[in-house]
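Subject: Handing over a structure, with notes

Dear colleague,

I am passing a structure on to you, and my notes follow below it. Please read them with the structure open beside you.

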Amino acid sequence: MSNISRRSFLQRGAAAAAAFSIVPGSILGKSHGYVAPSDKLNIAAVGIGGMGNANLKNMENTENIVALCDVDWKYSKKVFDRHPNAKKYWDYRKMYDEMGKSIDAVLIATADHTHAMITADAMTMGKHVYTQKPLTHSVYESRLLTKLAASTGVATQMGNQGSSAEGTDLVCEWIWNGEIGDITKVECATDRPIWPQGLNTPEKADKIPSTLNWDLFSGPAEVKPYNHVYHPWNWRGWWAYGTGALGDMACHIMHTPFKALKLGYPTRVEASSTLLLRDCAPNAQHVKFIFPARENMPKLAMPEVEVHWYDGGMMPNRPEGFPEGKQLMGPGGGLTIFHGTKDTLVCGCYGQEPFLLSGRVPNAPKVCRRIDKAMSGGHEQDWIRACKESTGSRVQTKSNFLEAGPFNEMVVMGVLAVRLQALNKTLEWDGQNMQFTNIKDNEELKICIKDGFTIKDGHPSFNKDWTDPVNAKQFANELIKHNYRQGWNLPDMPR
């Protein structure tokens, strides 16, 4: 592991953040905050082989890409080659240390488990941040980024790009206008995962490619023996690095009901799944969240509402009146059904192609800000626009951390419910204090390490290896707020 001094680059960042909040960029230069719209941002990117590549393509034609960082230089070669003048790095900490004064903004598109640390360090340096979804790997990390967004004033955006399309805007406007009545049940589903899940932990180690720094990929997590099944891309299905189909796709699909119903923190959650393994996410999951009543809107009451999540082939029932012969799964590999007292609203991923089962087409007032459809890379470009506005007059992006942080808390708490399902009860959640309140001190869990299912001579054998009993409360608390390995840590939580 590279022994980079966290103190050195955060000291620089503290000075930059102070200048950012006191003096306009016209005096101190664009690296300290405000950038004139006619100027170009100097953008650094961490994690560029997958979605980071796609995000960069929506930034590089209008801005300067000055530094690129990735732990896998083979996977990232096409991006390095496309930006020969950008400085190349393995370790984001070294990049921040050396390039801190010349970077205005950072794109983070690494594996889920490293999002929070890389993003938080950039924010404490006064840098604008665009971070892929899910925003973080844990509840505590989401809360930290929310508070840092408020305390630093930098421009932020989570990479659930569909929130900048019109679908979610339309759904919000129809619901807020009372078009389907009051809503007490919402059902969401995805056709993911499309990567392997439900896998036993590899029993052998593969040779680490010379182009991959496995220690840096592991980052704050325990360094497991390398196996090709983890990287690239397939890390999404492994608990150490990803959050499974729920963490990946709920940030696209559940953002619409979260925003339309102003949901906030759930109070109860219950989950079930196919075989739950210690190290790998299950093939299919169902999670039920209960949200308390919220303040009523002029044309809409906000009673308690249950929100269901399905993935891996699990689906809600076809609602009464749904067109016969029409596929229930919506466009973009997602589905949301809002069950109202007057009508039922159905839409796809990102709120795409919303329609009412009654056949009516609402004519609701447009109250949501639209992103110009003609603007290429609208989600990224809306963030770039926000980066160039001063803190006091900035129009917030469509998925800024003040909204995306609390939303992501809900998503990753649902992941925890899946991992705690063996407690066999509805879990009660205190969102404000980030804790489950009905896990007893002496409750224990055993988790399946390996599924040893075999068939011999036509007869099935259901042999499973299990962990020793673990304290459920301690296990839950570690999932809520991770213990990182030595040498990796987060900045303090702002008050």
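Which residues line the second largest cavity? They are N160, G162, S163, T168, C251, H252, H255 and Y350. Before going further, please note that this is a predicted model, in which local features need pLDDT of at least 70 and side-chain atom pairs count only at pLDDT 80 or more, while totals for chains, interfaces and linings use all residues. Residues are numbered from 1 along each chain as its sequence is written, and side-chain values use heavy atoms, with hydrogens and water left out.

**Cavities**

A cavity here is a set of points, on a 1 Å grid over the protein atoms alone, where a 1.4 Å probe fits but cannot get out, and its lining residues have an atom within 4 Å of a point. Volume is the space filled by probe spheres set on the points, which are joined across faces, edges and corners. The structure has two cavities of 30 Å³ or more.

**Helix packing**

Helices are DSSP runs (H or I, at least four residues), numbered from the N terminus. Helix α7 and helix α13 pack at an angle of about 175°, with their axes 8 Å apart; axes are lines fitted to C-alpha atoms over the stretch in contact, and angles run from 0 to 180 degrees between N-to-C directions. The two helices α7 and α13 are therefore roughly antiparallel to each other, a term for angles over 145 degrees, whereas those under 35 count as roughly parallel. In the contact (heavy atoms within 4.5 Å), the residues of α7 include V139, R143 and L145, and those of α13 include F401, V412 and L416.

Helix α6 (residues 115–124) also packs with helix α7 (residues 139–152), at an angle of about 15° and with the axes 10 Å apart, which makes α6 roughly parallel to α7. Their contact divides into seven nonpolar, three polar and one charged residues, with A116 and M123 among those from α6, and L144 and L148 among those from α7.

How values were computed: Parallel < 35°, antiparallel > 145°, perpendicular 65-115°, else oblique. Nonpolar A, V, L, I, M, F, W, Y, C, P; charged D, E, K, R; others polar. 1 Å grid on protein atoms, 1.4 Å probe; cavity = no way out; pocket = protein on both sides within 12 Å on 5 of 7 lines; lining within 4 Å.
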